[in-house]
Amino acid sequence: MILPFHVIQLLKSKSGNDLRLPSDCEFLSLDIESRTGVRIGATTLKRLIGLAQDERVPHASTLDAVARYLGYAHWGELAEIEDNGNSDFDTHDGEVRSADLQPGASVEITYLPDRRLVLQYLGDCRYCVTTSENSKLQEDDEVEILNFVLHHPLLVVNVWRKGEPLGQFTAGRVSGLSSIRLL
């Protein structure tokens with residue numbers, strides 16, 4: 001069984017790891033164990049993210065450990081989002097969706113310990129970083145962001161610096177975004 005795409009994306013975001021190489025699963029295994037107290041072997045993780053061909057169904061306890069690592073009570077709660085709550089037109093409090101913005105709009109975000117970014121919306125989910133305080137993102141970086149959700153990590157799908165692609169970036173990985181403000 002391979003995990004659903006959105007769960008693999010959540011694992012990438014939570015671990016800060018692209019999960020492209022089998023060796024990446026060793027790190028993920030240790031991270032899951034350190035956060036949940038449950039050991040999931042690297043070979044099992046390779047199967048779950050599609051790096052090893054094997055259609056065995058994982059034990060329920062393995063899926064529950066993955067869900068707990070991602071901040072859910074159990075696998076059923078995470079699966080419920082896939083079945084019922086992952087497609088939703090409602091805007092939640094504390095969420096700004098790129099699709100709802102007009103080009104030229106600016107979004108200010110903060111996250112711990114003392115990070116602040118101001119991003120100007122360019123359209124098509126792309127932003128230009130206009131202010132960067134204590135962040136690895138730099139002014140004039142171009143980034144692709146689908147949405148901003150208060151108290152959740154910010155997943156930057158792509159970063160371009162001087163036209164060169166840098167890949168994904170996650171901000172506020174531990175405690176999420178502290179504030180989101182439309183300017």
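A residue is called buried when its relative accessible area is under 20%, exposed when that area is over 50%, and partly exposed in between, using a 1.4 Å probe and protein chains only. By that rule Cys128 is buried, because its relative accessible area is 18%. The structure is a predicted model, in which local features need pLDDT of at least 70 and side-chain atom pairs count only at pLDDT 80 or more, while totals for chains, interfaces and linings use all residues. Residues are numbered from 1 along each chain as its sequence is written, and side-chain values use heavy atoms, with hydrogens and water left out.

**Cysteines**

- A disulfide is a pair of cysteine sulfur atoms within 2.5 Å, and a search of the whole structure finds 0 of them.
- Cys128 is in no disulfide; the nearest cysteine sulfur belongs to Cys125 and is 16 Å away.
- Cys25 has a relative accessible area of 0%, so this residue is buried.

**Aromatic rings**

- Rings of Phe, Tyr and Trp (its six-membered ring) pair if their centres lie within 6.5 Å; planes under 30 degrees apart count as stacked, over 60 as edge-to-face and the rest as tilted.
- The structure holds 2 aromatic pairs.
- Tyr121 and Tyr127 make a tilted pair, because their ring centres are 4.9 Å apart and their planes stand at 55°.
- Tyr127 and Phe148 make an edge-to-face pair, because their planes stand at 85°, with ring centres 5.5 Å apart.
- This pair links distant parts of the chain, 21 residues apart: Tyr127 is in strand β4 (residues 126-133) and Phe148 is in strand β6 (residues 147-149).
- Helices (H or I, at least four residues) and strands (E, at least two) are DSSP runs, numbered from the N terminus.
- Tyr121, Tyr127 and Phe148 form one aromatic cluster.
- Tyr121 and Tyr127 are both buried; the relative accessible area of Tyr127 is 0%, and Phe148 is buried with a value of 0%.

**Charges over rings**

- A charge sits over a ring if NZ of Lys or CZ of Arg is within 6 Å of the ring centre and within 35 degrees of the ring normal.
- Lys14 has its charged end over the ring of Tyr69, 5.7 Å from the ring centre.
- Arg126 lies over the face of Trp160, 3.9 Å from the ring centre.

**Helix α4**

- Helix α4 covers residues 60-69, and its buried residues are Thr62, Leu63, Ala65, Val66, Ala67 and Tyr69.
- An α-helix has 3.6 residues a turn, so residues three or four places apart point the same way.
- After α4 comes Gly71, with a positive phi near 95°.
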